[in-house]
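Follow along in the model.

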Amino acid sequence: MDGGKFRVHSDEVTKATQDALIRRGVNNEDIAKIVLEMQLPYNEGLTLEHCVESVESVLRKREMQHALLVGIELDELAEQGKLSRPLQSIVGADEGLFGVDEMIGLGAVLTYGSIAVTTFGHLDKNKIGVIRKLDTKAGGNVHTFLDDLVASIAACASARIAHRTRDLEEVGKTFEDLTPEETVPEATVERAET
């Protein structure tokens, strides 16, 4: 070991996170479709491309990357039967009283404020889009953590758009006035702070 002095480069963590999502059958557009469904009623001119940009921005956050890497690893270990008992049975069955999966997802949304928290709760309960597919346990796959983490990403991306909407309203604009590229980084959106 290096005595804790070695740091993993951000690019490596970002790539590992994206690779893990793809390996588990989830892509950014799947999550963006949830974001669009959540935010379109409140955002004139919002497109799927805006939502993809927001998902990609959320996925660049270390907190989210770390949560995803841990959760996906635990799901994969459970599929392989490599967790110790009784954790293997609990994670493998996505036991209703477990709650640790929701707590990791909830922890990851906290940086995006109360709107992300309430959106996460809505998505966790209603299982929209790819979240529903992950929750069905089809094909023997374990997605105990991933369904909640995808809900977390979608909630954060939705909250990010809601904050952008307010910033845009204050300067008399809507998403219709911006290309997705013009919302990154947030500093290029006049008055944006988050």
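Cys-156 is buried, at a relative accessible area of 0%. Buried means under 20% relative accessible area, exposed over 50%, and partly exposed in between, with a 1.4 Å probe and protein chains only. This is a predicted model: local features need pLDDT of at least 70, side-chain atom pairs count only at pLDDT 80 or more, and totals for chains, interfaces and linings use all residues. Residues are numbered from 1 along each chain as its sequence is written, and side-chain values use heavy atoms, leaving out hydrogens and water.

What is the cysteine sulfur closest to that of Cys-156? It belongs to Cys-51, 14 Å away, too far for a bond. A disulfide is a pair of cysteine sulfur atoms within 2.5 Å. By this rule there are 0 disulfides. Cys-51 is in none. Cys-51 is also buried, with a relative accessible area of 0%.

Now the helices. Helices are DSSP runs (H or I, at least four residues), numbered from the N terminus. Helix H7 spans residues 113-126, and helix H9 spans residues 146-170. Their axes come within 8 Å and cross at roughly 140°. Axes are lines fitted to C-alpha atoms over the stretch in contact, with angles from 0 to 180 degrees between N-to-C directions. H7 is therefore oblique to H9; angles under 35 degrees count as roughly parallel, over 145 as roughly antiparallel, 65 to 115 as roughly perpendicular, and the rest as oblique.

Contact means heavy atoms within 4.5 Å. In H7, the residues meeting H9 include Phe-120 and Leu-123. On the H9 side, Cys-156 is one of the residues that meet H7. The contact residues divide into 10 nonpolar, 4 polar and 2 charged. Here Ala, Val, Leu, Ile, Met, Phe, Trp, Tyr, Cys and Pro count as nonpolar, Asp, Glu, Lys and Arg as charged, and the others, Gly among them, as polar.

Methods:
Helices (H or I, at least four residues) and strands (E, at least two) are DSSP runs, numbered from the N terminus.
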